[in-house]
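Dear colleague,

Please find below the structure that I am handing over to you.

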Amino acid sequence: MIEPGKAELVKELAYEAGFADVRMCAHESGSLFFLFLPYRPAKPAGYGKVNLSNYYITSQKGYLFMKNLLLRLAQEGVYAEEFQGTGVKQLALKTGGFIGLNSLYYHEQYGSFVSIHVVKTNIVCGDSGAPGQSECPKCGNCIAACPAGAITGRGLCVSRCVRAHSNERRIPAGYRGFIYQLLGCERCQAACPFNRAAPGEAYSFDLVELLEGKHLKQIRTLVGPNYGRRRIIVGQAVIYAANAHYAPALAAVEALAGDEFVGETARWAREILKKS
Ligand code: SF4
Ligand code: SF4
């Protein structure tokens, strides 16, 4: 039996939790709810500063919103859990949007600057949403913008994408030159004509202070404990300092040269900064 009342309750509580758009579609014997949280790309960081990716901040915010939502649904007696299956982007297509050449999901209003969270319920859904009508026109802007050559006319080569490497314990040497912020890469998205949002506020951090280990607690709060690990954040700050040729960071980088986790990266950066 179709249960519109319960579906409406999920949507209402999802909006109350903070999500900006909620869509649903039938899935197996129940349904999936797609919860969208948009963000804006960050304005360029000022001199001596580095930005934290707005995507990772938004994703963590959405994760916390979803936890609250699941709690509220449990209180209301509605079975719901975080969807752990694969193919989220393909499933989201059942409710609209399209997938770009860069393999990202595009929402009609928010473009690809959106964090998607999915809740699975046993609510029986009458229809399967409104399938996406538009398609990526393959303009090629993202191909040209990608520093790693990860996108071709056939799509994304995941293993070549900076995102596949930028959150590892140590950035591979060949990828260091592509680091322009803390966590991730949004170059292909910034170049896409479907992303019309103007750059917004950024979480920028003083480079030298970051290298000295400050702000890590705040960053962990913003992006969660996994992405906020010292070796990831400080390691990328070291790389960014070298890429930006930010000579005032030399002493702080030098102090990290013997560090167990970021020492090798710091020694590499030190040589670049000495010439800056
Ligand atoms: S930049 Fe062009 S080719 Fe790439 S995802 Fe956007 S519309 Fe598609
Ligand atoms: S996220 Fe960066 S590295 Fe990955 S495809 Fe886009 S531009 Fe290329």
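The notes below set out what was found.

This is a predicted model, in which local features need pLDDT of at least 70 and side-chain atom pairs count only at pLDDT 80 or more, while totals for chains, interfaces and linings use all residues. Residues are numbered from 1 along each chain as its sequence is written, chains are lettered from A and ligands numbered from 1 in the order in which they are written, and side-chain values use heavy atoms, with hydrogens and water left out.

Ligand sites

A residue is counted as near a ligand if one of its heavy atoms lies within 4 Å of it. Around ligand 1 there are 14 residues, and C136, C139, G140, C142 and C192 come nearest. By class, this shell has 9 nonpolar, 4 polar and 1 charged residues; here Ala, Val, Leu, Ile, Met, Phe, Trp, Tyr, Cys and Pro count as nonpolar, Asp, Glu, Lys and Arg as charged, and the others, Gly among them, as polar. Domain 1 (4–121) and domain 2 (141–274) each contribute at least three residues to the shell of ligand 1, the bounds being taken from an automatic or database domain assignment.

Ligand 2 is surrounded by C146, P147, I151, L156, C161, V162, R163, C185, R187 and C188. Its shell divides into 8 nonpolar and 2 charged residues, with no polar ones.

A search of the whole structure finds 0 disulfides, a disulfide being a pair of cysteine sulfur atoms within 2.5 Å.

Pockets

Grid points are joined across faces, edges and corners, and a volume is the space filled by probe spheres set on the points.

The largest pocket has a volume of about 1,000 Å³. Of its 30 lining residues, Y55, S59, S115, I116 and H117 lie nearest the centre. The lining comprises 16 nonpolar, 10 polar and 4 charged residues. At least two residues come from each of α2 (54–75), α3 (88–92) and β7 (114–121), and α2 gives the largest share, 6 residues. Helices (H or I, at least four residues) and strands (E, at least two) are DSSP runs, numbered from the N terminus. Both domain 1 and domain 2 give residues to this lining, so the largest pocket lies between them.

The second largest pocket holds about 320 Å³ of space. It is lined by 15 residues, of which A42, N51, Y180, Q181 and R187 are the closest to its centre. The second largest pocket also lies between domain 1 and domain 2, because both give residues to its lining.

Backbone

Most residues other than glycine have a negative phi. K138, in the loop between β7 and α4 (141–145), has a positive phi near 55° and is exposed, at 54% relative accessible area. L183, in the loop between β9 (155–156) and α5 (187–190), has a positive phi near 75° but is buried, at 0%.

Yours sincerely

Technical notes:
1 Å grid on protein atoms, 1.4 Å probe; cavity = no way out; pocket = protein on both sides within 12 Å on 5 of 7 lines; lining within 4 Å. Buried < 20%, exposed > 50% of the residue type's maximum accessible area, 1.4 Å probe, protein only.
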